[in-house]
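Dear colleague,

I am passing on the structure that follows, together with notes on what was found in it.

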Amino acid sequence: MIELRSPQEIEQMKAAGEFVSRTLAALKERAAVGVNLLELNALAHDLIRERGATSCYLDYAPSFGSGPFGHVLCTSVNDAVLHGLPHDYRLRDGDLLTVDFAVAVDGWVADAAISFVVGTPRPEDLELIEITERALAAGIAAAVVGNKTGDISYAIGRVAKDAGLKVNVEFGGHGVGKTMHGEPFVANDGRPGRGFPLRPGLVIAIEPWFMRGTDKLTMDQDGWTLRSANGSRTAHSEHTVAVTADGPLVLTRPRD
Ligand code: MG
């Protein structure tokens, strides 16, 4: 079922969005060469406790994973792209790290992800990150009343294809509300004019993630971490966005 939120409810959802955005900024600041992924998870957990927030990941046990997840953060390094299970790994110079973070504050969920390079970047990694950010911006720009979910998918997919990338449509954006994953599904490629109509009060996570030279994934033995099948590096950018009569409202937008 697709639920629409009142303007008052969207106002209440801002607290979760603000906390997710602030936590991702703190994680990016802490992530450096030599820092362990488990330290980043611990930092996020401390911030969750301080804020009185609830992790959406800790007890998460969907059909595709071997749950419960047991951590509060997804950390995906280099060829890992989605659902990276934090483990005992110290970041190395040039690692491309994605952190994906979702919590509930006062019962409302926000979900966002950023990719960045630790230490000395490779130009091609910065380019891939920039493509996902541009695709995210295009998806958000299409999240307007009168459009359909397919218009968001199409906008994202076009940025990827213009950049010569293939798009995997198994995992993508989703409705966000009292829980992390609701309807509608928002694939990272699709046909304009198709899908669910975007109405005021629809809140969705939009999350382009791309790999080079493949649209296939492999799963680690941990039962969670998804990697590019060809070992290429990957990137992922995500925001939680409310469709409103005044246009898209990015609930997880960092403040200056
Ligand atoms: Mg997410």
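**What was found**

Gly-146 sits in the loop between α3 (123-141) and α4 (149-162), where helices (H or I, at least four residues) and strands (E, at least two) are DSSP runs, numbered from the N terminus. This glycine is exposed, with a relative accessible area of 67%; here buried means under 20% relative accessible area, exposed over 50% and partly exposed in between, with a 1.4 Å probe and protein chains only. Between the C-alpha atoms of Gly-146 and Asn-41 there are 40 Å, and the two residues are 105 residues apart along the chain.

Before you read further, please note that this is a predicted model, in which local features need pLDDT of at least 70 and side-chain atom pairs count only at pLDDT 80 or more, while totals for chains, interfaces and linings use all residues. Residues are numbered from 1 along each chain as its sequence is written, and side-chain values use heavy atoms, with hydrogens and water left out.

**Strands**

An open sheet of 3 strands, in the order β3-β11-β10, has antiparallel pairing, two strands being paired if DSSP finds at least two bridges between them. Its edge strands are β3 (80-82) and β10 (217-219), each of which pairs on one side only. From one strand to the next the twist averages 45°, with axes taken as lines fitted to C-alpha atoms (for helices over the stretch in contact) and angles running from 0 to 180 degrees between N-to-C directions. Strand β3 and strand β11 (residues 226-228) are joined in the antiparallel sense over 2 bridges, and Leu-82 has Leu-226 in β11 as its bridge partner.

Strand β8 (residues 203-206) is covered on both faces, with Val-203 and Ala-205 buried on one side and Ile-204 and Ile-206 buried on the other. Strands β6 and β8 run antiparallel and are joined by 2 bridges, and the bridge partner of Gly-175 in β8 is Ile-204. Strand β8 also runs antiparallel to strand β13 (residues 239-244), with 4 bridges between them, and Val-203 has Ala-242 in β13 as its bridge partner.

**Pockets**

The largest pocket has a volume of about 350 Å³. On a 1 Å grid over the protein atoms alone, a pocket is an open set of points where a 1.4 Å probe fits, with protein on both sides within 12 Å along at least five of seven lines, and lining residues have an atom within 4 Å of a point; grid points are joined across faces, edges and corners, and a volume is the space filled by probe spheres set on the points. Of the 23 residues that line the largest pocket, Phe-64, His-83, His-174, His-181 and Glu-207 are the closest to its centre. Strands β6 (173-175) and β7 (182-186) each supply at least two residues of this lining. By class the lining of the largest pocket has 11 nonpolar, 7 polar and 5 charged residues, where Ala, Val, Leu, Ile, Met, Phe, Trp, Tyr, Cys and Pro count as nonpolar, Asp, Glu, Lys and Arg as charged, and the others, Gly among them, as polar.

The second largest pocket has a volume of about 240 Å³ and is lined by 15 residues, of which Leu-24, Ala-113, Ile-114, His-239 and Pro-254 lie nearest its centre. Two or more residues of its lining come from each of α1 (7-30), β5 (108-117) and α3.

**Salt bridges**

The count comes to 12 salt bridges, a salt bridge being a side-chain nitrogen of Lys or Arg within 4 Å of a carboxyl oxygen of Asp or Glu. One of them joins Lys-14 and Glu-11 at 3.2 Å, N to O; both residues lie in helix α1, 3 residues apart, about one turn of the helix.

Arg-90 forms a salt bridge with Glu-39, with the closest N and O atoms 3.4 Å apart. Arg-90 lies in the loop between β3 and β4 (96-105) and Glu-39 in helix α2 (residues 37-51), so the pair ties together parts that are 51 residues apart in sequence.

Arg-227 forms a salt bridge with Asp-220, the closest N and O atoms being 2.7 Å apart. Salt bridges that share partners join Asp-79, Asp-220 and Arg-227 into one network.

With best regards
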